[in-house]
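Visitor: I would like to see which labels on this model can be traced back to a definition. Please show it, and then I will ask.

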Amino acid sequence: MDVGCVPLGLLLAGVSATCVIASQIYVDDFDTDESNKAAGADRLNDIDIRVAVLERKLATLQTECGQPPAKDGAVVVHTSTQFNGVAKYTCREGTTPTGPDLEIVVSLCTKSGLWTPLDLKCCNVSNTETKWHSRGVYLGTVATSVTGKTCQRWKAQVPHEHRFKGPILKSPSGFASETLDEAVNYCRDPSDAGFMWCYTMDPRSRWEKCDVPKC
């Protein structure tokens, strides 16, 4: 409350002390506001300094590795973040990655300026054999066993009767399954044996492995 000026009678009655005290309160309030403003400015200045230090530290994380290395049979997509590069590799159509769960492989640009090692091999299964999960995968035309015996047609039941009636290949992504006609008498792995084999045309030898180039 602002007491302002008071009549002389009240002044003599001691109100002057109240005026002095009230005036001092206003002065104290003003001083406190100024102190708060100064403290706030100091805090903002401290934040600015910390941000500048952080920015300098982050700048040291930025690296340049150049273009990522090429990989036979693979397509690479190179992207950059604020701090490093990322290279994503996928096998081209007509090829399959070695091992399971390798649809996409990532390499990162490291602080040393080098790309992280890449564990990826894309196999052309039209002329080489590879493994996809537990199954051997091969779409080539080798049709003789390791001992040179001619393979029996998959559609035939003589000289050896067998249980395979449907598609001969549950192939990896990017490949359609083969019918018995399409598989002809080529070496395949319909039983998930993990290697190429075929029934032979020799009545005394039911089946044999095939000698197919490995990826």
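Guide: This is a predicted model. A place to start is strand β2, which is mostly covered, with 5 of its 7 residues buried.

Visitor: What makes a residue of β2 count as buried?

Guide: Buried means a relative accessible area under 20%.

Visitor: What makes β2 and β4 a pair?

Guide: The same cut-off of at least two bridges applies. β2 and β4 have 4 bridges in the antiparallel sense, so they pair as well. One of the links is between K88 and V106, its bridge partner in β4.

Visitor: Why are β1 and β4 said to stand at the edges?

Guide: The sheet is open and has 3 strands in the order β1-β2-β4, with antiparallel pairing. β1 (74-80) and β4 each have a single partner strand, so one side of each has no neighbour in the sheet. Neighbouring strands here are turned by 20° against each other on average, direction ignored.

Visitor: Why is I104 called exposed?

Guide: Exposed means over 50% relative accessible area. I104 has 53%, so it is exposed. I104 lies in the loop between β3 (95-97) and β4 (105-108).

Visitor: What makes I104, V106 and L108 a patch?

Guide: Patch residues need over 30% relative accessible area and no salt bridge, and nonpolar side chains are joined within 5 Å. I104, V106 and L108 make such a nonpolar surface patch, of about 250 Å².

Visitor: What makes a set of residues a nonpolar core, and which have the most contacts inside the largest one?

Guide: A core consists of buried nonpolar residues joined through side-chain atoms within 4.5 Å. The largest has 14 residues, and those with the most contacts inside it are W154, F164, I168, C187, M196, C210 and V212. α2 (180-183) and β8 (197-199) each supply at least two residues of this core. The largest share, 3 residues, comes from β8.

Note on methods. Residues are numbered from 1 along each chain as its sequence is written. This is a predicted model: local features need pLDDT of at least 70, side-chain atom pairs count only at pLDDT 80 or more; totals for chains, interfaces and linings use all residues. Side-chain values use heavy atoms; hydrogens and water are left out. Patches are made of residues with over 30% relative accessible area and no salt bridge: like charges are joined within 9 Å, nonpolar side chains (Val, Leu, Ile, Met, Phe, Trp, Tyr) within 5 Å. Accessible areas come from the Shrake-Rupley method with a 1.4 Å probe; for residues, only the protein chains shown count as cover. A salt bridge is a side-chain nitrogen of Lys or Arg within 4 Å of a carboxyl oxygen of Asp or Glu. Buried means under 20% relative accessible area, exposed over 50%, partly exposed in between (1.4 Å probe, protein chains only). Axes are lines fitted to C-alpha atoms, for helices over the stretch in contact, and angles run from 0 to 180 degrees between N-to-C directions.
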